[in-house]
Amino acid sequence: MTETAAPIRAKRVLPGFTLSLGTTLLYLTVIVLIPVAALILKGAEIGPARFWSIISAPRAIAAFQLTLIAALIATLINAAYGLLMAWVLTRYEFPGRRLLDALMDVPFALPTAVAGLSLTALFSGNGWFGQVLEPAGISIVYTIWGVAIAMTFTSIPFVVRTVQPVLEDLDPSLEQAARTLGASEGKIFTRVVFPQILPAYLAGCTIALARSLGEFGAIVFIAGNLPFKTEIAALLAFIRLEEYDYQGASAIALVLLFFALVLLVISNRLQAWAMRYRGAE
Amino acid sequence: MTITIKGLTKSFDDTPVLRGIDLTVRDGELLALLGPSGSGKTTLLRIIAGLEWPDAGQLVVAGEDWLALSAQQRRIGFVFQHYALFPHMTVRDNIAFGLSVRPRAARPGNAEIAQTVDELLNLLQIEHLADRHPAQLSGGQRQRVALGRALAIRPSVLLLDEPFGALDAAIRRDLRRWLREVHEKTGSTTIFVTHDQEEAFELADRVVVMGDGEILQIGTADDLYDAPACPFVARFMGAVVELPVNISDGRATARGLDASALPVTSAPDGPGRLFLRPDSIALIPDPASPWQLSRKISTGADLRLTLLGPEGQEIPVDLPRRSAPPVEISQTYRLRPSVGALFSDDAAGAAATPIRLSA
């Protein structure tokens, strides 16, 4: 009799790979992929000519424009403020720092409708801020500024929360080295610190922009939702749905989806570019 | 630049790290701060750099009060233990950094910066790495870049924190020799921190031994080896055999000890401790001695012996295998040291009475 050498089957060191990966994929498919695919299929039914006429209708164009411009304004504000806030939270010790840190999450936790309501109350003609601003000729409520402020409110945490951990993990000896080499504090920031946090910063800003483009709850309260003036794209899609115009709704939704995907790609490209020097590590 | 340090103290959260440091570093000297971790040597270096501030004391460099200057103003070259290279810059940009961040009025022209960088790349033998990023370099190469970056600003003082700590032994030896050469070429006053004696002795003109926030002894390798100032230095320098003895008329006496080869000292009579090196003890057969040979291992060149003492203590003795008289397990031997350091036990058995003892 000859011995039959049984093939050796390597055992995985960490068990449960099949089960855990399977569960994850199933979940991702049900929650994310199927809805997105359904939306795209729905859009494909429309046909290119009809699709184009829906999204190039003046009311739709106005809605896209408003959404995009307001989101850009909100992102610029949060880019500046979020960086400052992350810096303050990581670099200084002061009483109440933890409280401030916890407050950063309020926009995440707060229902957006509540945010929208309270912002409307503050900025309307008899609200705390409105009382001061309206006589000065600045109106926020029912204008693009109202939309931008609502977007700003809900997307604050994205920049702060992506930059903060990177800033915390920065090797302090890099800044010390720059100091011994005679660099001023300003130069240390622009030449040493900022390039290190740039990838996270870009990622944070992109997510904030994506979130602003899709924001709905907070805006509808403060915007007044006047067609051609303060009607955002997400709301227009909702209105079309209310009118049982599924095709109109999904065409607009598809454009929003397209924006989001483009942003994701840009964000990844920017990050890859900013990390290009990481080379071998 | 002469560095004068007086009465420097520093505590972190009530834990004293430096307890009154007095030290003068001569112009152009290469000085090592040697000590175990926690001895305060790195803190002292960082205070000189302006990265930490002392609680009290003076730091004067070339007649200037450095405690009134920020790190930026001191113009020092500091090489960090883990190099702290800027990861997003090429080697060239890292080295040029100190020059390119100067205010416009004091900044050399681009061509001049490029020339300085080229000279340094050449001096450090890393021209071929100029356009790489730090992530693409080996440890030894990073070390050279870090040194180049520090030298680019023509520092008044060069400070290195455990410069070879993270490298393997062969590269260490190379870099040591090479650092010595760089020091000779640039002539700048240089202080480096290390916990490795061999490194300290091979590189430095003088070695400062630190322990527990104090300077225990300053000297050359010979000074520290022949005449340790206290038991700590004796132990640190490899005199690890510690015998309790009686001191009478300046001589150490104990059962099984033949101290006749050691010179007479001025140590006061009473109990004391004798510190010996395993490689400078001769063994003489003596049935009356309490020291019994219990283990014998050969490394080819040496015999590594273990002797069992009267109170059950074990001491190591190293003999040259081919030239020493043969020894037998279980035989008893008298210890006849040729070099030793004797300290009297008073003043808490510590550094009170340093007594020079050598053959």
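This is a predicted model: local features need pLDDT of at least 70, side-chain atom pairs count only at pLDDT 80 or more; totals for chains, interfaces and linings use all residues.
**Ground rules.** I number residues from 1 along each chain as its sequence is written, and chains are lettered from A and ligands numbered from 1 in the order in which they are written. Local features need pLDDT of at least 70 and side-chain atom pairs count only at pLDDT 80 or more, while totals for chains, interfaces and linings use all residues.

**Chain B, overview.** I started with the secondary structure and found nine helices and 19 strands in chain B. Both kinds of element are DSSP runs numbered from the N terminus, helices being H or I with at least four residues and strands E with at least two. Along the principal axes, the C-alpha atoms of chain B fill a box of roughly 80 × 45 × 35 Å. Of the 359 residues in chain B, 42% are buried. Here buried means 20 or more other C-beta atoms within 10 Å of the residue's own, exposed means 12 or fewer, and partly exposed is in between, with C-beta atoms placed from the backbone. I then looked at contacts in chain B between residues at least 6 apart in sequence: 66% join residues at least 24 apart. A contact is a pair of residues whose C-beta atoms, placed from the backbone, lie within 7 Å.

**An open sheet in chain B.** Four strands of chain B form an open antiparallel sheet in the order 2-1-4-5. Strand 2 (15-25) and strand 5 (64-65) of chain B are at the edges with a single partner strand each, so one side of each has no neighbour in the sheet. Inside the sheet, strand 1 (residues 3-12) and strand 4 (residues 56-61) of chain B pair in the antiparallel sense over five bridges; pairing requires that DSSP finds at least two bridges between the strands. I picked out one bridge there, from Ile5(B) to Leu59(B) in strand 4 of chain B.

**A hairpin in chain B.** Next I turned to strand 15 (residues 292-298) and strand 16 (residues 302-308) of chain B, an antiparallel pair with six bridges. Leu293(B) has Leu307(B) as its bridge partner in strand 16 of chain B. Three residues sit between the strands of this hairpin, and Gly300(B) takes a positive phi near 95°.

**Cores.** The largest nonpolar core has 111 residues, and those with the most contacts inside it include Ala32(B), Leu159(B) and Val233(B). Such a core is a set of buried Ala, Val, Leu, Ile, Met, Phe, Trp, Tyr and Cys residues joined through C-beta atoms within 7 Å. It draws at least three residues from each of domain 1 (3-225) and domain 2 (235-344) of chain B, with bounds from an automatic or database domain assignment. Leaving out residues up to four places away in sequence, I see Leu159(B) touching Ile48(B), Phe78(B) and Ile191(B), among others.

**Where the chains meet.** I found 21 residues of chain A in contact with 22 residues of chain B. On the chain A side, helix 9 (172-180) and helix 10 (185-214) each give two or more residues. Helix 9 of chain A provides the largest share, six residues.

Gly22(A) is found in helix 1 (residues 17-46) of chain A. I call Gly22(A) exposed because 10 other C-beta atoms lie within 10 Å.

Notes: Two residues are in contact if their C-beta atoms, placed from the backbone, lie within 7 Å.
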